[in-house]
Amino acid sequence: MADAALGHPDEAVRAVIFPAVTGGEQTLRDLVHEFKTKGLAYRITVQTTLRASYTNHYRRGLIALLETLEFKSTNSAYQPVIKALELIRRYAKAGNTTYYPRGEVVPEHRGTSGAWEDLVFKSDKRGRRRVVRMVYEIVTFQALRDALRCKEIWVVGAHSFRDPEEDLPKDFPERRVENYAELRKPLDPKDFIAELKAEMRAELAALDTALPKLDWVEIKDRKSGAIKLTKIGPAEEPRNLRKIKNEVSRRWGSVPLIDMLKEAVLRTGCLNAVTSVAGSSTLKREVLAERLMLAIFGYGTNTGIRAVASGGHAHSEDDIRYVRRRYLTPQIATDIAIAIANATFAARNISLWGEGTTTVASDSTHVRAYDQNIFTEWHSRYGGRGILIYWHVERGSMVVHSQTLRASASEVHAMVEGAVRHGTTMKVEGNYVDSHGQSEIGFGVTRLLGFDLLPRIKQINKVKLYRVESGESDLYARLTPAMTRPIRWDLIEQNYDQMIKYATAIKQGTAATEAILRRFTESVSHPTYQAMLEVGRAQKTIFVARYLRLRELQREIQEGLNVVESSNGANSVIFYGKGGDIATNRREELEMTVLCLRILQAALVYINTLMLQDVLADPEWAKLLKPADQRGLTPCSGSTFSPTARYGWTSPSACPSVAVQILKIYHLDSAGEGAGVAAKTKMVDLQ
């Protein structure tokens, strides 16, 4: 541009400057837009706005918190921040003083350098370098925020932000041998490293040998990334599933969801633990069970207790709300969902569904929330206000774990939490996730915990394979374009015991997975974090090499993630009240809503499993089930139930009282045990 302007100073800009730039006028417009939104001008605007907001509004609250909370740190690198907080506390009521006094020692920390340095340090009228008090407070609170996130600074007396040493098991040195055995890890770090090295060499060699014969993957130097992986082709179409579904509908029709819940309660006895607690109460067990089901239905469908209380039954809204407050706690709701899941596993026909599954698929769902609430969060990826619900669904469509996440939360810790603490009888040995549920630190943690992380990586073309040792550049010649540096085994050996200590804390639940992984962020050079990253890079190399080589593994992961997507689709039908928007941001209410939705989904899968097994117990229908049909068979079908319907209701608008006839609960004949829902039952009006 400068050369063109100097060469033709008298000609029009459009004729000289625009042609000198690749892309012409549009490129210049894009550059100006980028500068205004991301460059110096934008940064100055943000700093000015933040300074005004802090001084005029937020400072009052932050200073009050600073006077109430006590911050500590054992890391010498963060002591300047602690001292800076003490300085701010001393001068909190100094009025409109612009600068700190000249004789005052003002600690410089990581927040005072960089983008804010020119605003923190100013020259006064005499040309002396001074510290601007309000700006210094802003950068100190920003540094405090970053340190709290990784727990390098903690709050005395807090829980989530407590001393990170309290997150670790206190008896680890005394029970070192037992802890290592529980994680199935060798005591000697050299044995652990040797095992990792052997797996890496085996998988890299297998991929290098098989690469010329693999028509779905290509590795060579290219700007977009060395790895090129073609999509999986369509699987064989199931031809008889529709006939089987039609037979289920012919036998039972569209079963109301509330009836599926009642049938699951009666068959599994999942409410027995709750009703036994009320033994000394004046409430009869059947009355308590009815009110509990009404509360679960109201929360799980998002219609609310007021809506289900308006049906033609003897339970008032106050009665249902009392039972909800008194008996339906988050732990009780979790136990109910686990009981239904375990009953489903026990009731499954092995010849139809196969042996017990050991893999789960996990993914998040964004649920909208009313925005007239200061706690409502905006999610940048989903583009809306609300919360995330993170599900763990096994291959048979049964939800084994659920949890609510903040919009800004990482999905990696949620994946680990659900796989380790699902509470059901199944043993999780593998976890399918999408790109957002995996990271290098996630691969490291799962390797230490003893289960496989099996992700679908979105930008696999840019993934790098790590070398085992230095000086082996001639090995795996076909993989060279995708190879990078060797693993730093010395870091792993030096921090092996500490990594096992953190893994034990996650396994034993001495602290939440989020609280432990919060300490491992890219903003700090924590030695254990660096070592766990190296373990994760080694494990990711093993997985990617196997993933590229095996088409069956790619299809397995895709099918597993399709199961959780299908489950999310069924949940969107169940959770129909208020347009699917949650009207509260109270944490306990959010958690209860999610858990009741999980109970309804578990009841749906349980009853659908029994109905499908009843149909396929007939030899004529069993003959129709081909391998492709069996692969596509799922009990999470929305065609077998109606979330609102009973006796002709077809839509929420046509069903203002969704709980009418709620007390007509199925009681099974002895001949009908395990034979389906309504085909061999009799109706008893408990009212």
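User: In the hairpin of strand 9 and strand 10, which residue takes a positive phi?

Analyst: Gly383 does, with phi near 70 degrees. That hairpin has four residues between the strands. Please bear in mind that this is a predicted model.

User: How many bridges hold strand 9 and strand 10, and in which sense do they pair?

Analyst: Strand 9, residues 378-379, pairs with strand 10 over two bridges. The pairing is antiparallel.

User: Which residue in strand 10 stands opposite Trp378?

Analyst: Arg385 of strand 10 is the residue opposite Trp378.

User: What about strand 8 and strand 10, how many bridges join them?

Analyst: There are nine bridges between strand 8, residues 359-368, and strand 10, and these two strands run antiparallel. Within strand 10, Gly386 is the residue that Arg368 faces.

User: And strand 11, how does it pair with strand 10?

Analyst: Strand 10, which spans residues 384-394, pairs with strand 11 in the antiparallel sense, over six bridges. Trp391 has Ser402 of strand 11 as its bridge partner, and Leu388 is bridged to Leu405 of strand 11.

User: Which residue takes a positive phi in the hairpin of strand 10 and strand 11?

Analyst: Ser397 takes a phi near 75 degrees there, and four residues lie between the strands of that hairpin.

User: How many residues of strand 10 are buried?

Analyst: Ten of its eleven residues are buried, so strand 10 is largely enclosed by the rest of the structure. Strand 11, residues 399-405, is mostly covered as well, with six of its seven residues buried.

User: Changing topic: which loop holds Arg184, and what is its phi?

Analyst: Arg184 sits in the loop between helix 8 (176-182) and helix 9 (189-210). Its phi is near 60 degrees, a positive value in a residue that is not glycine.

User: Is Arg184 buried or exposed?

Analyst: Arg184 counts as exposed because its relative accessibility is 57%, and the cut-off for exposed is over 50%.

User: Where does Tyr476 lie, and is it buried or exposed?

Analyst: Tyr476 belongs to the loop between strand 14 (465-467) and strand 15 (483-486). With a relative accessible area of 10%, Tyr476 is buried. Its phi is near 55 degrees, again a positive value in a residue other than glycine.

User: And Ile487, where is that found?

Analyst: Ile487 is in the loop between strand 15 and helix 20 (489-494). This residue counts as buried because its relative accessibility is 5%.

User: What does Ile487 touch, leaving aside residues up to four places away in sequence?

Analyst: Ile487 touches Met200, Tyr466, Arg467, Val468, Ile492, Glu534, Arg537 and Ala538.

User: On to helix packing. At what angle do helix 19 and helix 21 pack?

Analyst: Helix 19 (residues 440-449) and helix 21 (residues 496-508) pack at about 80 degrees, and their axes are 10 Å apart. That angle makes helix 19 roughly perpendicular to helix 21. Helix 19 makes the contact through Val445, Leu448 and Leu449, and helix 21 through Met499, Ile500, Ala503, Ile506 and Lys507.

User: At what angle do helix 4 and helix 5 cross?

Analyst: The axes of helix 4 (residues 40-68) and helix 5 (residues 79-90) cross at roughly 115 degrees and come within 10 Å. Helix 4 is therefore roughly perpendicular to helix 5. The crossing of helix 4 and helix 5 is left-handed.

User: Which residues make the contact of helix 4 and helix 5?

Analyst: Ile63, Leu66 and Glu67 contribute from helix 4, and Leu85, Ile88 and Arg89 from helix 5. The residues in the contact of helix 4 with helix 5 comprise four nonpolar, no polar and two charged.

User: Finally, how many helices and strands are in the protein, and what percentage of its residues are buried?

Analyst: The protein has 27 helices and 18 strands. Of its 687 residues, 51% are buried. Among contacts between residues at least 6 apart in sequence, 70% join residues at least 24 apart.

How values were computed
Residues are numbered from 1 along each chain as its sequence is written. This is a predicted model: local features need pLDDT of at least 70, side-chain atom pairs count only at pLDDT 80 or more; totals for chains, interfaces and linings use all residues. Side-chain values use heavy atoms; hydrogens and water are left out. Axes are lines fitted to C-alpha atoms, for helices over the stretch in contact, and angles run from 0 to 180 degrees between N-to-C directions. Angles under 35 degrees count as roughly parallel, over 145 as roughly antiparallel, 65 to 115 as roughly perpendicular and the rest as oblique. Contact means heavy atoms within 4.5 Å. A crossing is left-handed if the near helix is turned anticlockwise from the far one by less than a right angle, and right-handed if clockwise. Ala, Val, Leu, Ile, Met, Phe, Trp, Tyr, Cys and Pro count as nonpolar, Asp, Glu, Lys and Arg as charged, and the others, Gly among them, as polar. Buried means under 20% relative accessible area, exposed over 50%, partly exposed in between (1.4 Å probe, protein chains only). Two strands pair if DSSP finds at least two bridges between them.
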